[in-house]
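Structural terms have cut-offs behind them. Have a look first.

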Amino acid sequence: RMAQVDLVLVEGWKFSVMAKLEVHRGAVNNSLRYRGDASIMGIASDTLKQFADKKIAVFGLNDVSAIADFVLKHAQTPAQIETLESKVAQMQPQQQ
C-alpha cells in the first residue's frame with residue numbers, strides 16, 4: 001500500500017483513463033496515440049516540427065522544466081478523473 005502522496009507518475013498504462021503525456025521519438029516509428037485518446041493532454045517529442053499545427057501542448061524531450069510545470073498543472077483529483085472517464089466514454093463508438 002502506498003502512503004499518503006501528493007503526486008504519482010506512472011509509465012505505460014496506455015489504455016487507462018487518466019491525464020497522459022505522450023512521449024514520441026522520431027527514430028522509433030510508432031504511431032501516435034493522441035489522435036484517438038482524449039486523455040492525452042500533451043506530447044513530448046524530439047521531432048517538434050510535425051506538431052506545429054496541432055491543438056495540443058507540445059514539448060521538447062529535454063524541456064524538463066516546461067514538462068514538470070505541465071504535469072503539475074494537469075495533476076488530477078479523483079473527481080476530475082471521473083469527469084475525464086465520462087468524456088472518453090462519450091468518444092468511444094456505441095456498442096450494440
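Q: What makes strands β2 and β3 a pair?
A: Two strands pair if DSSP finds at least two bridges between them. Four bridges join β2 (residues 40-45) to β3, so the two count as paired. They run parallel. The strands themselves are DSSP runs of E, at least two residues long, numbered from the N terminus; helices are runs of H or I of at least four residues.

Q: What kind of model is this, and how are its residues numbered?
A: This is a predicted model, in which local features need pLDDT of at least 70 and side-chain atom pairs count only at pLDDT 80 or more, while totals for chains, interfaces and linings use all residues. Residues are numbered from 1 along each chain as its sequence is written, and side-chain values use heavy atoms, leaving out hydrogens and water.

Q: Why are β1 and β3 called edge strands?
A: The open sheet has three strands in the order β1-β2-β3, with parallel pairing. β1 (20-24) and β3 (57-60) each pair on one side only. Five bridges join β1 to β2. In one of them, glutamate 22 has isoleucine 43 in β2 as its partner.

Q: How do you know which β1 side chains point to which face?
A: In a regular strand the side chains alternate between the two faces of the sheet. Along β1, Lys20, Glu22 and His24 point to one face and are buried.

Q: Why is serine 45 called buried?
A: Buried means under 20% relative accessible area, with exposed over 50% and partly exposed in between (1.4 Å probe, protein chains only). Serine 45 has 1% relative accessibility, so it counts as buried. This residue sits in strand β2. Its contacts (heavy atoms within 4.5 Å) include His24, Phe51 and Phe59.

Q: What makes the meeting of aspartate 37 and lysine 20 a salt bridge?
A: A salt bridge needs a side-chain nitrogen of Lys or Arg within 4 Å of a carboxyl oxygen of Asp or Glu. Here the N to O distance is 3.3 Å, so the pair qualifies. Aspartate 37 lies in the loop between β1 and β2 and lysine 20 in β1, so the pair ties together parts 17 residues apart in sequence. Both residues are buried. A search of the whole structure finds one salt bridge.

How values were computed: Lists of a residue's contacts leave out its neighbours within four places in sequence.
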